[in-house]
Amino acid sequence: MNGIEPLHQRAYRILVAIGQQEDLRALVPTALTLAHALHGEIRLVTVTRRGHPPSWFEAPQDCEGIALEVVTRAGRNVGAAIVAESRLYSADLLLIGAPARPAKRRLSMGHILD
């Protein structure tokens, strides 16, 4: 084989990219709901320049039977670090927050998504 596990032989993997504390509060409940429905597991990842986690970056208390891992990666290019983590984790789904902006003529998803 090519070293990749078939999806049916492992848990559905949800990678949640957290950039700030508000992302943690907004995205984790969605990830938990999906993980329950899909019999999945969750990895929360944040990227900092030196790889030190922010003081607010921790696993929520109410995970009820869901495997949840918290990871901090070092990097200057946040987008590249998230892509690398997604590949390393073999994520089936990536949840990432995007700031709400007023309507503009041109839609911009932000530098991380770009």
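Strands β1 and β4 pair in the parallel sense, over four bridges. Two strands count as paired if DSSP finds at least two bridges between them. Helices (H or I, at least four residues) and strands (E, at least two) are DSSP runs, numbered from the N terminus. This is a predicted model: local features need pLDDT of at least 70, side-chain atom pairs count only at pLDDT 80 or more, and totals for chains, interfaces and linings use all residues. Residues are numbered from 1 along each chain as its sequence is written, and side-chain values use heavy atoms, with hydrogens and water left out.

Start with the sheet. The whole sheet is open and has four strands, in the order β3-β2-β1-β4, with parallel pairing. β3 and β4 (93-96) are the edge strands, and each pairs on one side only. Neighbouring strands are turned by 25 degrees against each other on average, direction ignored. Axes here are lines fitted to C-alpha atoms, for helices over the stretch in contact, and angles run from 0 to 180 degrees between N-to-C directions. In general, strands of a sheet pair through backbone hydrogen bonds, either parallel or antiparallel.

Now the core. A nonpolar core is a set of buried Ala, Val, Leu, Ile, Met, Phe, Trp, Tyr and Cys residues joined through side-chain atoms within 4.5 Å. Buried means under 20% relative accessible area, exposed over 50%, and partly exposed in between (1.4 Å probe, protein chains only). The largest core has 15 residues, and I14, V16, I42 and L44 touch the most other members. β1 (12-17), α1 and β2 each give two or more residues to this core. The largest share, six residues, comes from α1. What does I14 touch, not counting residues up to four places away in sequence? Its contacts (heavy atoms within 4.5 Å) include A31, L34, A35, I42, Y89, L93 and L95. I14 also touches E41 and R43.

Next, the charged side chains. A salt bridge is a side-chain nitrogen of Lys or Arg within 4 Å of a carboxyl oxygen of Asp or Glu. By this rule there are six salt bridges. R43, E69, R73 and E85 are linked in a network of them.

E69 forms a salt bridge with R43, and the closest N and O atoms are 3.0 Å apart. This pair links distant parts of the chain: E69 is in strand β3 (residues 68-74), R43 in strand β2 (residues 40-48), 26 residues apart. R43 is buried, at 12% relative accessible area, whereas E69 is partly exposed, at 37%. E85 also forms a salt bridge with R43, with the closest N and O atoms 2.6 Å apart. E85 lies in helix α2 (residues 78-89), 42 residues from R43. Are E85 and R43 buried or exposed? Both are buried.

Helix α1 (residues 21-38) holds a local pair, E22 and R25, three residues apart, about one turn of the helix. Their salt bridge brings the closest N and O atoms to 3.8 Å. E22 is partly exposed, at 42%, and R25 is exposed, at 53%. P29 lies in helix α1 too. P29 is partly exposed, at 43% relative accessibility.
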